[in-house]
Amino acid sequence: MMRLGWFRMVHVKGIANQRLRTLLSNRKLLKRKLIDLQNHIRGALRAYGLRVGPITSSKFEGRVRELMQDEEYVFQAMIDHMLAARVATLEAFDKLHRLVLNFVANDPVCRRLMTVPGVGPITALSFKAAIDDPHRFRRSRNVGAHFGLTPRRHQSGTIDWNGHVSKMGDVNMRGALCEAAAALLMRVKRYSALKAWGMRIAKRTSLMCAIVAVARKLAVILHRVWIDGGEFEWKSGAKITEKRQCDPETGLLLSY
């Protein structure tokens with residue numbers, strides 16, 4: 001395979017970014033288990049006519065204990081053990097979350113990435129760990145395709161059509177970008193050309209299509225912010241303009 005050239009070069013991430021990805025995956029695992037525990041407790045109580053209802057995470061345990069006041073001892077003991085497991089999981093999740101916040105607060109790249117609307121600490125750190133080296137992409141627009149946010153294209157003779165997004169690459173990073181895009185469109189109140197562009201797509205097609213489109217645009221913008229060393233410009237247009245840059249060591253063109 002090496003002699004005939006039947007291979008593709010694969011970028012191996014540095015050990016530091018591999019550890020960051022492990023930190024993010026551990027945090028996500030605890031968050032998912034925490035949700036599973038809460039849903040299981042809700043289901044166990046609902047079977048006996050006890051409904052927790054919509055409530056914040058901080059008041060969840062108090063609400064459950066209030067519902068169990070008149071129940072028998074064995075049932076209370078079972079739910080108590082589940083609540084103890086939830087408390088332990090919540091404490092571990094909070095500690096990992098604080099580790100993420102501390103790293104982002106001390107990392108200049110993550111702080112610049114967070115100037116983009118909708119992008120929080122998790123998305124910024126996930127992007128930094130997933131990209132590893134921004135100069136391995138010649139064009140910023142390739143980052144969207146790298147995370148599977150560009151449509152599939154089929155061409156054969158006179159046939160030329162675009163399908164759904166490819167969904168290739170890092171699943172967690174693609175989900176983080178979509179969450180950031182949804183936050184930008186539905187939560188961020190401040191005006192920006194990027195949000196206006198996404199809202200026009202939502203009116204023309206659907207909100208889900210707009211979220212995917214804005215997620216792809218966010219990936220491109222985050223890469224340009226990282227490469228240029230600047231911050232997000234709120235009043236600039238949604239169109240991304242790339243400057244010609246060369247690698248100082250190899251002299252190769254990085255973007256155009």
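Contact here means heavy atoms within 4.5 Å. In this predicted model, residues of helix α7 meet residues of helix α9 in that sense, among them Leu 177 and Leu 185 in α7 and Ile 211 and Leu 218 in α9.

**Helix α7 against helix α9**

- Helix α7 spans residues 171-186 and helix α9 spans residues 207-228; their axes come within 8 Å and cross at roughly 110°.
- Because angles of 65 to 115 degrees count as roughly perpendicular, α7 and α9 are described as roughly perpendicular to each other.
- The crossing in which α7 passes α9 is right-handed.
- On the α7 side, the residues that meet α9 are Leu 177, Cys 178, Ala 180, Ala 181, Ala 182, Leu 184, Leu 185 and Met 186.
- On the α9 side, the partners are Leu 207, Ala 210, Ile 211, Val 214, Ala 215, Leu 218, Ala 219 and Leu 222.
- Sorted by class, this contact of α7 with α9 has 16 nonpolar residues, with no polar and no charged ones.

**Helix α1 against helix α3**

- The axes of α1 and α3 come within 9 Å, and they cross at roughly 155°.
- That angle makes α1 roughly antiparallel to α3, because angles over 145 degrees are classed in this way.
- The α1 and α3 crossing is left-handed.
- By class, 21 nonpolar, 5 polar and 3 charged residues take part in the contact of α1 with α3.

**Helix α5 and its cover**

- Of the 11 residues of α5, 9 are buried, so this helix is largely enclosed by the rest of the structure.
- The buried residues of α5 are Thr 123, Ala 124, Leu 125, Ser 126, Phe 127, Lys 128, Ala 129, Ala 130 and Ile 131.
- The elements covering these buried residues include α1 (15-46), α3 (73-105), α4, α6, α7 and α9.
- Just after α5, Asp 132 takes a positive phi of about 65°.

**Cys 110 in helix α4**

- Cys 110 lies in helix α4, which comprises residues 108-113.
- The relative accessible area of Cys 110 is 0%, and the residue is therefore buried.
- Beyond its neighbours within four places in sequence, Cys 110 is in contact with Val 104, Ala 124, Leu 125 and Lys 128.
- Ala 124, Leu 125 and Lys 128 are also listed among the buried residues of α5.
- Between Cys 110 and Phe 127 there are 8.7 Å in space, C-alpha to C-alpha, and the two are 17 residues apart in sequence.

- Strand β1 (residues 151-156) and strand β2 run antiparallel and are joined by 5 bridges.
- Ser 156 stands opposite Ile 159 in β2.
- The two strands form a hairpin with 2 residues between them, and Gly 157 in the turn has a positive phi of about 65°.

**Non-glycine residues with positive phi**

- Asp 132 is not a glycine, yet it has a positive phi of about 65°.
- The loop that holds Asp 132 lies between α5 (121-131) and α6 (141-146).
- Asp 132 has a relative accessible area of 17% and is buried, because buried means under 20%.
- Lys 167 is likewise not a glycine, and its phi is positive at about 55°.
- Lys 167 is found in the loop between β2 (159-165) and α7.
- With 57% relative accessibility, Lys 167 counts as exposed, because the cut-off for that class is over 50%.

Technical notes. Residues numbered from 1 in each chain as written. Predicted model: local features only at pLDDT ≥ 70, side-chain atom pairs only at ≥ 80, totals over all residues. Heavy atoms only, no water. Helix = DSSP H or I, 4+ residues; strand = E, 2+ residues; numbered from the N terminus. Buried < 20%, exposed > 50% of the residue type's maximum accessible area, 1.4 Å probe, protein only. Axes fitted to C-alpha atoms, helices over the stretch in contact; angles between N-to-C directions. Parallel < 35°, antiparallel > 145°, perpendicular 65-115°, else oblique. Left-handed = near helix turned anticlockwise from the far one by under 90°. Nonpolar A, V, L, I, M, F, W, Y, C, P; charged D, E, K, R; others polar. Pairing = 2+ DSSP bridges.
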